[in-house]
Each structure stands twice: as structure tokens, then as C-alpha cells.
Amino acid sequence: MSDDEKLEAILGAAYECFRLHGVRRTTMDDIARHAGMSRPAVYQHVRNKEDAFRRLATRLFSQAMADFRAGLDADAPFPERLALALAAKLRLVIKIWSESPHAEELLGEGVKLTADLVFEAHAATLDALTAAVRAERPDADAEEFAELLMALGRGLEVRSADPDVPLRRLRQGVALLVAGLDHPATA
């Protein structure tokens with residue numbers, strides 16, 4: 001098994017442990033056991049469970065950003081491209097809420113370990129949304145509109161019994177906001 005494959009196995013095991021037990025209760029022994037490796041072998045690839053969490057978060061954020069960019073680049077009408085892009089992050093949050101009884105810790109407490117990554121992802125998302133809006137609607141206040149889109153997405157990051165509800169509401173909200181671009185409010 002290559003070093004990359006070992007790291008992937010460790011991060012996969014870390015996700016399972018964090019999902020099942022939360023970050024605080026997960027130990028390096030748990031991660032090693034789930035990865036099918038010895039603890040010293042795991043330490044050759046990650047420094048500690050916080051490092052495993054950061055690396056896992058980096059991987060999840062990278063995938064969500066790739067999906068986000070694919071949504072913006074989709075061959076679809078503008079509102080649909082925006083909804084597809086924003087749904088990438090929302091799906092990640094929905095996945096964590098649906099798979100873990102420790103989602104609140106992972107999404108809240110875990111953010112302390114990855115605040116810089118969250119900030120970078122937010123900034124990259126905002127920049128990409130602003131550029132997409134500016135390209136599609138040059139007369140709009142692109143940055144303000146992008147902030148509204150981001151706020152809509154964040155507002156839908158709640159636990160729902162039906163994971164399709166937040167995604168449906170996201171599509172509806174984006175459609176309404178885009179429709180508002182055609183009918184700007186008068187001051």
C-alpha cells in the first residue's frame with residue numbers, strides 16, 4: 001500500500017470515528033483500529049487526531065469546492081448553476097447531519113480546529129459567486145448579491161428530517177433572488 005493509500009485509509013477511518021464518537025471522544029487508537037493499522041503506523045502519516053481532523057476537513061472542503069465550481073460551470077440556466085454550486089456545500093453539511101449523532105460537535109466544535117480553512121473556503125466561494133454574478137448580470141451589485149446567496153445557503157444548514165427539503169428550498173430561494181435582479185428595488 002502506498003503512502004497516499006495509507007493516508008486515505010487513515011482519513012477514512014478518522015471520519016468514521018469522528019462520525020461515530022465525535023472528535024473529543026475519538027482516540028488515535030480508535031483511528032488506528034478502524035484503519036487496520038498500528039498506532040505507530042498511523043503516526044507516520046498524521047501527528048495527532050487534530051491533524052487528522054484538519055486533513056480530513058481539507059479533503060472534504062476541496063471536494064465541495066470542486067463540486068461548487070462544477071455547478072457554476074454547468075451547462076444550465078443561471079439560477080440553476082447558482083443553486084447547483086451552493087448545493088455542494090449544503091450537501092456536505094446535510095451528509096454530516098444525517099450520518100452522525102455528533103454532527104453539532106463536528107460542525108461547531110470542529111470548526112475551531114479548522115477556522116482558517118473555513119475562512120478560506122468562504123472567501124473562495126464568495127469570490128467565485130461574485131465573478132459569476134458579475135459575468136451574468138454586470139449591472140447588479142455582484143458582491144452584495146453573492147453575500148445574499150451565501151446567507152441563504154448558511155440559513156439552510158440545519159438538521160432536517162428530510163434532507164431534500166433544504167436543497168429544494170435552496171433552489172427556490174436562488175430562483176427568487178435571481179428573479180429580483182430583474183426587478184431591482186427602488187430606493
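The expected span of a helix is 1.5 Å times one less than its number of residues. I'm keeping that handy for my first look at this model, which is predicted.

**Entry 1: helix H1**

I started with H1, which runs over residues 3-25 and has 23 residues. A straight helix of that kind would reach 33 Å, but I found the end C-alpha atoms only 27 Å apart. Next I looked up where H1 bends: the spot is arginine 19, and the bend is about 85 degrees. Arginine 19 is also on my list of buried residues of H1, which includes Leu7, Ile10, Tyr15, Phe18 and Val23.

**Entry 2: an aromatic pair**

How many aromatic pairs does the structure hold? I got one. Its ring centres, in phenylalanine 18 and phenylalanine 53, are 5.4 Å apart. The planes sit at 65 degrees, and over 60 counts as edge-to-face, so that's what this pair is. Phenylalanine 18 belongs to helix H1 and phenylalanine 53 to helix H4 (residues 49-73), so I noted a link between distant parts of the chain, 35 residues apart.

Buried or exposed, I wondered about phenylalanine 18? It's buried, because its relative accessibility is 1% and the cut-off for buried is under 20%. Phenylalanine 53 comes out at 9%, so I put it down as buried too.

**Entry 3: leucine 167**

I then moved to helix H9 (residues 164-181), where leucine 167 is found. Its relative accessible area is 14%, so leucine 167 is buried. Skipping neighbours within four places in sequence, I listed its contacts: Ala87, Leu90, Arg91 and Ile94. For alanine 87 I checked the C-alpha to C-alpha distance to leucine 167 and got 6.5 Å, though the two are 80 residues apart in sequence.

How values were computed: Residues are numbered from 1 along each chain as its sequence is written. This is a predicted model: local features need pLDDT of at least 70, side-chain atom pairs count only at pLDDT 80 or more; totals for chains, interfaces and linings use all residues. Side-chain values use heavy atoms; hydrogens and water are left out. Helices (H or I, at least four residues) and strands (E, at least two) are DSSP runs, numbered from the N terminus. The bend at a residue is the angle between axes fitted to the seven residues ending there and the seven starting there. Buried means under 20% relative accessible area, exposed over 50%, partly exposed in between (1.4 Å probe, protein chains only). Rings of Phe, Tyr and Trp (its six-membered ring) pair if their centres lie within 6.5 Å; planes under 30 degrees apart count as stacked, over 60 as edge-to-face and the rest as tilted. Contact means heavy atoms within 4.5 Å.
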